[in-house]
Amino acid sequence: MEKFAYLQEYIQKGSKRGGTTLSQIVFEALRVAILAGQIPVGERINEKVYADQLNISRTPIRDALRRLEDEDLVEYIPRVGVTVKKFTVKDVQEIFQLRQALDYLATISAAQNMTNEQFDDMEANFKSSELAYDQADDEALNRLFGEFNNYIYSYADMPRLYGIVKRLREYLDRFRRISLEGDQRRRKALDEHWLIYRYMRARDFDKIKVIVTNHLMEAEYHIAQVISQDLEISLDQPSQLVMGQLLVYNQQATENNQQICDQENLVKDLSNLALESVLEEASLTPKPGLVDALDAGAHDDMDLTTFIRSSLSLQAYFEAAAQLGYADKSAKAIFNSLRQLGIEAEQSMFAATQGVNTHKGVIFNMGVFLTASTACLRDYGQANLSSQAFLAKVYAYLRQMLAGLITNDWQDLASKEKLTHGERVYLEHGIAGIRREAELGYPTVQAGFYQYQLFKKSHPKTAKIRCLIYLMAYVEDTNVIKRGGMMGYNWLQVSCRNLTAANLDDQAFLDQVNHLNKTCKRRWISPGGAADLLSVVLYLDKFTDFLA
């Protein structure tokens, strides 16, 4: 369809829907047209020509172009004007980083939720896809692949996550068309979809992780190759990160997830466990006063998208922290090096969130646990210890690593002119927050991990949320004090201890959690310290499975 006819049809349909300004409709029409390839890369978009052809004023065209420039879909070139911008390899990598996080969460959630009838519907989609492939009907195959993805996001029953995907849909449709170029690639993608379906139906979550990751990484590499050829950039080999991950996951699939023992892959494995844990905590719903998949809690500057971007920005740091455990240094020297890495990780986090603090606590806590994990694997990896005995070694290393933390960080506070919030709380109330928890070897995390194992047996569907409430009851969370004062801090701890002790059934428990969420939001209380430590508990749970 000729581009102006395409745009006119879109604008007419949008106008009939009502409730939307013309500027918004024109923006959406141009955005979709660019991503669908109706307006080719490099073509100039002349305000006057488009206004005349579409029979509208230039103002909505101008407004739309400004917004498209913010999205990096168009660019202003001096003496040329506004032109459609080419996709770059970096664009592909950013979109697929998001997809790896989103698709993994959605696929696991959908597999847990789907009924046999819904799996039968999904299987019917594959049979139609096989027919389209046999008939070389590429348009139908692309549509059916899109429907398969929609099945997963729909059955995942995660509305906020689905909203993020809807925002990316046009990008994904464009990339899907590129990734399915070539008969061999189409056949391989269809085979991978069959595998995802079978592992979902079997609820084999480990294999789901392997095949989803491998499927997306191969698509990413194929698209990056095509785009690089368009840009006349040599990309004969995948990036080092992509190639390294592909090797790990392909080997896991081939060897049926057999443990890989060399140091480099061990570091990647543990950093992946950390990232999965942080993403699981971010998407856990409901969470009192915290950002989750349904609302932003007691915050107006962040949402789930912010946390996903922040989490992904920390992957390189998690690898570096795990690698540091192999250093031939004392525990204290290793901690000093880790703190420098943490400063750099905070900069990456702020760049990803546009200055919003989402994961400073995770950077510290997950960092020391990753480093302690690999240090103990280095020292005791061949000792044939039980998981419980090995964790005892990790906690002991943490105490050695973090000994004197309060004294070293907070010397001469009484004479200091300008105090931080944490320093002021320590002087006024004797509450040292995460520093005391860390210096003692994380006793609340140890207790939380033990409780989580019990919750998984007694209340498997709500175990993570129950663990969060337990941590909220006992963590010295200076973030709560900052927002709610000592009165709010004491109220929250008493409320959470009472809720934990009540041992309610799942529905009654969730009703109380939702009530607690409303009160936290009204009092502007956000227990971020407990959420950070929940990520660590989830990591330890995965780590002990890994050891086994």
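Leaving aside its neighbours within four places in sequence, which residues is K3 in contact with? Here are some friendly notes on that point and a few others.

1. **What kind of model this is.** This is a predicted model, in which local features need pLDDT of at least 70 and side-chain atom pairs count only at pLDDT 80 or more, while totals for chains, interfaces and linings use all residues. Residues are numbered from 1 along each chain as its sequence is written, and side-chain values use heavy atoms, with hydrogens and water left out.

2. **Confidence.** The mean pLDDT (the predictor's confidence in each residue, from 0 to 100) is 84 for the protein, and 87% of its residues reach 70 or more. Please keep an eye on residues 230–261, where pLDDT stays under 50. For that stretch the model has 45 contacts beyond four places in sequence; contact means heavy atoms within 4.5 Å.

3. **Overall make-up.** The secondary structure comes to 25 helices and two strands. Both kinds of element are DSSP runs numbered from the N terminus, with helices being H or I over at least four residues and strands being E over at least two. Of the 548 residues in the protein, 51% are buried. Here buried means under 20% relative accessible area, exposed means over 50%, and partly exposed lies in between, using a 1.4 Å probe and protein chains only. Among contacts between residues at least 6 apart in sequence, 73% join residues at least 24 apart.

4. **K3, from the opening question.** K3 lies in helix α1 (residues 3–17). Beyond its neighbours within four places in sequence, K3 is in contact with Q38, I39, E43 and Y50. K3 counts as buried because its relative accessible area is 19%, against a cut-off of under 20%.

5. **Helices α16 and α25.** The axes of α16 (residues 360–380) and α25 (residues 528–547) come within 9 Å and cross at roughly 20°, so α16 is roughly parallel to α25. Axes are lines fitted to C-alpha atoms, for helices over the stretch in contact, and angles run from 0 to 180 degrees between N-to-C directions. Angles under 35 degrees count as roughly parallel, over 145 as roughly antiparallel, 65 to 115 as roughly perpendicular, and the rest as oblique. The crossing of α16 and α25 is right-handed, a term for the near helix being turned clockwise from the far one by less than a right angle, with anticlockwise giving left-handed. On the α16 side the contact is made by G361, V362, N365, M366, F369, L370, S373 and L377, and on the α25 side by D532, L533, S535, V536, Y539, L540, F543 and L547. By class, this contact of α16 with α25 has 11 nonpolar, four polar and one charged residues. In that scheme Ala, Val, Leu, Ile, Met, Phe, Trp, Tyr, Cys and Pro are nonpolar, Asp, Glu, Lys and Arg are charged, and the others, Gly among them, are polar.

6. **Helices α14 and α15.** For α14 (residues 315–324) and α15 (residues 331–353), the axes come within 10 Å and cross at roughly 175°, so α14 is roughly antiparallel to α15. Y317, A320, A321 and L324 of α14 meet I334, S337, L338, L341, G342 and A345 of α15. The contact of α14 with α15 has eight nonpolar, two polar and no charged residues.

7. In helix α19 (residues 421–429), H421, G422, E423 and V425 are buried, and the buried residues of α19 pack against α23 (478–502). Just after α19, G430 takes a positive phi of about 70°. G430 is also one of the contacts of R436 beyond four places in sequence, along with I406, Y426, I431 and E476. R436 is found in helix α20 (residues 434–439) and counts as partly exposed because its relative accessibility is 26%.

8. **Backbone details to look at.** The peptide bond from T285 to P286 is cis, with omega near 0°, and P286 sits in the loop between α12 (263–283) and α13 (304–313). N55, in the loop between α3 (47–54) and α4 (58–70), has phi near 60°, a positive value in a residue other than glycine. N55 is exposed, with a relative accessible area of 71%. N503 is not a glycine either, yet has a positive phi of about 50°. N503 is found in the loop between α23 and α24 (506–523) and counts as exposed at 52% relative accessibility.
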